[in-house]
Amino acid sequence: MKKILIISDGKPGHLNQSIAFCKIKEIDFDILEIRFKSKFFKLLSYFFDKLNFFTDFLFNKYKKINFNSYDAIISAGSETYYFNKLIAQKFNKKSIALMLPKSYKFKNFYYIIAQEHDNPKKLDNILTIPLNLSFSQAKGYLEKVDRKKSLALIIGGDNSVFHMKYEQIKEILDYIFKEYKDYLKYVTTSRRTTKEIEELIEKYDFDYKLIYSKEPNINPIGDFIQICDEFFITSDSTSMLSEVRANSNGKINIIKLDSNKNNTKFHRLVDIIEKMDNKKIEFAKILEKVKI
């Protein structure tokens, strides 16, 4: 039976993409979390990679496992790619990188699965996909109500590119409750949503409401994807935009927030999604090329 080792940097957005790959390919997996000893050692890894020199001296202590028991190594995030290569080369395993490993040589990877918004090179070992890999499953927080349409509002918050204004979100909330009177309405905030915005949302009578600061361990996105006909998602929430578009045939309305930068990968992702049809992505078919 095939088995994959996921190298994790501890960031859920990165780890979830690796898990999604394994679930889409229907391959069992284990997870190993690693960390560089410091930023200096991470910089050293770029230099060592160019020399084809690989050592685990750059990393903090990690759980010792039998690397020979895996058929491939997969990871996402700049903290993981050097260790991915190290294990793959030392134990002669297939090395798969999710997202574009920009600071490392591409040729050492068996496959790089890169998003279109990163403008990857056209190489034999680079597979370009329109959105982040995701595997969505409902968790039973909501049930489909027959003969009733529903919509989901997914609210993010400020990041390095976008800024969320109170007045803009209020306008969206007022619009939804005026124009979608016959819809069931669901909402979730995120870890970046400010207290001010969460207090605003609390004033509206949603049929389901998840306030992240109160219930950080609940993620209703899979349920939204399974039952909702339409979505309103803030433009900062790129992972949510990807997950919904990849797994739902519903209409997506992107709430475009103020931006202090132009033509970033976040903007390119929004443009890609806006140009896509309201159809989910058949990731299993796309990933057939990657043989484990």
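# Reading a predicted model, feature by feature

Q: Is Cys22 buried or exposed, and what is its relative accessible area?
A: Cys22 is buried, because its relative accessible area is 0%, and the cut-off for calling a residue buried is under 20%. Please keep in mind throughout that this is a predicted model.

Q: What is the relative accessible area of Cys228, and how many disulfides does the structure hold?
A: Cys228 has a relative accessible area of 7%, so Cys228 is buried. As for disulfides, the structure holds 0 of them.

Q: Where is Thr264 found, and which side chain does a polar contact join to the side chain of Thr264?
A: Thr264 belongs to the loop that runs between strand S13 (258-259) and helix H8 (265-275). Its side chain is joined to that of His267 by a polar contact of 2.8 Å, and Thr264 is itself buried, with a relative accessible area of 13%.

Q: What is the order of the strands in the open sheet, and which are the edge strands?
A: The open sheet has 5 strands, which follow the order S10-S9-S7-S11-S12 with parallel pairing. Strand S10 (208-210) and strand S12 (251-255) are the edge strands, each of them pairing on one side only. From one strand to the next, the twist averages 15 degrees.

Q: How many bridges pair S9 with S10, and which residue is the bridge partner of Tyr186?
A: Strand S9 (residues 184-188) pairs with S10 in the parallel sense over 3 bridges, and the bridge partner of Tyr186 in S10 is Tyr208.

Q: Which strands does helix H4 touch where it packs on the sheet?
A: Helix H4 (residues 166-179) touches strand S7 (150-154), S9, strand S11 (230-234) and S12, and the direction of H4 makes about 175 degrees with that of S7.

Q: How is a pair of aromatic rings described, and how many aromatic pairs are there?
A: A pair of aromatic rings is described by the distance of the centres and the angle of the planes. In this structure the count comes to 23 aromatic pairs. One of them is formed by Tyr46 and Tyr104, which are edge-to-face at 5.0 Å centre to centre, with 65 degrees between the planes. Tyr46 lies in helix H2 (residues 39-50), whereas Tyr104 lies in the loop between strand S4 (94-98) and strand S5 (111-115), so this pair ties together parts that are 58 residues apart in sequence. Tyr104 is buried, with a relative accessible area of 4%.

Q: What are the distance and angle for the aromatic pair of Tyr180 and Phe232?
A: Tyr180 and Phe232 are 5.6 Å apart centre to centre, with 90 degrees between the planes, and the pair is edge-to-face. Because Tyr180 lies in the loop between H4 and S9 while Phe232 lies in strand S11, the pair ties together parts that are 52 residues apart in sequence. Both Tyr180 and Phe232 are buried.

Q: How many residues of helix H3 are buried, and what covers them?
A: Helix H3 (residues 81-90) is mostly covered, with 8 of its 10 residues buried. Among these buried residues are Tyr82, Phe83, Leu86 and Ile87, and what covers the buried residues of H3 includes strand S1 (3-8), strand S2 (28-33), H2, strand S3 (72-76) and S4. Tyr82 and Phe83 also belong to one aromatic cluster together with Phe36, Phe54, Phe59 and Tyr62.

Q: Which residue just after H3 takes a positive phi?
A: Asn92 does, with a phi of about 55 degrees.

Methods. Residues numbered from 1 in each chain as written. Predicted model: local features only at pLDDT ≥ 70, side-chain atom pairs only at ≥ 80, totals over all residues. Heavy atoms only, no water. Helix = DSSP H or I, 4+ residues; strand = E, 2+ residues; numbered from the N terminus. Buried < 20%, exposed > 50% of the residue type's maximum accessible area, 1.4 Å probe, protein only. Polar contact = N/O pair within 3.5 Å; in protein donor to acceptor, adjacent residues only side chain to side chain. Disulfide = S-S within 2.5 Å. Pairing = 2+ DSSP bridges. Axes fitted to C-alpha atoms, helices over the stretch in contact; angles between N-to-C directions. Contact = heavy atoms within 4.5 Å. Phe/Tyr/Trp six-rings, centres within 6.5 Å; stacked < 30°, edge-to-face > 60°.
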